[in-house]
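Go through it in plain paragraphs.

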Amino acid sequence: MVNLGEVERVSGLSIGYTLMLPWRFEHFASKLERIKGQSVDRKQIRADLELALQKIKNQKAATDRF
């Protein structure tokens, strides 16, 4: 059985580390460029990751209240 809380926690950690560590973010952005076959807007990627992390934090806060 999948523990969705654990998946959420690990996803949040992964996104957080990607945002905190410049070399990890660059690796992530470069990999997206290879997958898409074109350059990507790194500022937009960072903003999207920050939004995803905030949503995970909000979800965790909401579930911790119960």
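Four salt bridges are present in the structure, which is a predicted model. In general, side chains of opposite charge can pair when their charged atoms come close.

One of these salt bridges joins R9 and E6, whose side chains meet at 2.7 Å, N to O. Both residues belong to helix α1 and are three residues apart there, so about one helical turn separates R9 from E6. R9 has a relative accessibility of 44%, which means that R9 counts as partly exposed. E6 is also assigned to the partly exposed class, because its relative accessibility is 34%.

K60 and D64 are four residues apart in helix α3, so the separation is about one helical turn. K60 has a relative accessible area of 44% and is therefore partly exposed.

E33 and R42 form a salt bridge as well, with 2.9 Å between the closest N and O atoms. At 22% relative accessibility, E33 counts as partly exposed; the cut-off for buried is under 20%. R42 has a relative accessible area of 25%, so R42 is partly exposed.

Which ring lies under the charged end of R46? The ring is that of F25, and the charged end of R46 sits over it, 4.2 Å from the ring centre. R46 is located in helix α3 and is partly exposed, with a relative accessible area of 27%. Along the chain, R46 and T18 are 28 residues apart, while 9.1 Å separates their C-alpha atoms. As for rings facing other rings, a search of the whole structure gives zero aromatic pairs.

Helix α3 covers residues 42–64, and K55 is found in it. Is K55 buried or exposed? K55 counts as exposed, because its relative accessibility is 54% and the cut-off for exposed is over 50%. K55 is 11 residues from Q44 in sequence, and the distance between the two residues in space is 16 Å, C-alpha to C-alpha.

The surface also has a nonpolar part. V2, L4 and V7 make a nonpolar surface patch of about 300 Å². Of these residues, L4 lies in helix α1, which spans residues 4–20. L4 has a relative accessible area of 62%, so L4 is exposed. A residue needs over 30% relative accessible area to be part of a patch, and the 62% of L4 is therefore enough on that count.

The last topic is confidence in the prediction. The chain has a mean pLDDT of 93, and 100% of its residues reach 70 or more. Where in the chain is confidence lowest, and where is it highest? The lowest value is in α1, with a mean of 92, and the highest is in helix α2, residues 22–36, at 97.

Methods
Residues numbered from 1 in each chain as written. Predicted model: local features only at pLDDT ≥ 70, side-chain atom pairs only at ≥ 80, totals over all residues. Heavy atoms only, no water. Phe/Tyr/Trp six-rings, centres within 6.5 Å; stacked < 30°, edge-to-face > 60°. Lys NZ or Arg CZ within 6 Å of the ring centre and 35° of its normal. Patch = residues over 30% accessible without salt bridge, like charges linked within 9 Å, V, L, I, M, F, W, Y side chains within 5 Å. Areas by Shrake-Rupley, 256 points an atom, 1.4 Å probe, with all protein chains shown as cover. Helix = DSSP H or I, 4+ residues; strand = E, 2+ residues; numbered from the N terminus. Buried < 20%, exposed > 50% of the residue type's maximum accessible area, 1.4 Å probe, protein only. pLDDT = per-residue confidence, 0-100.
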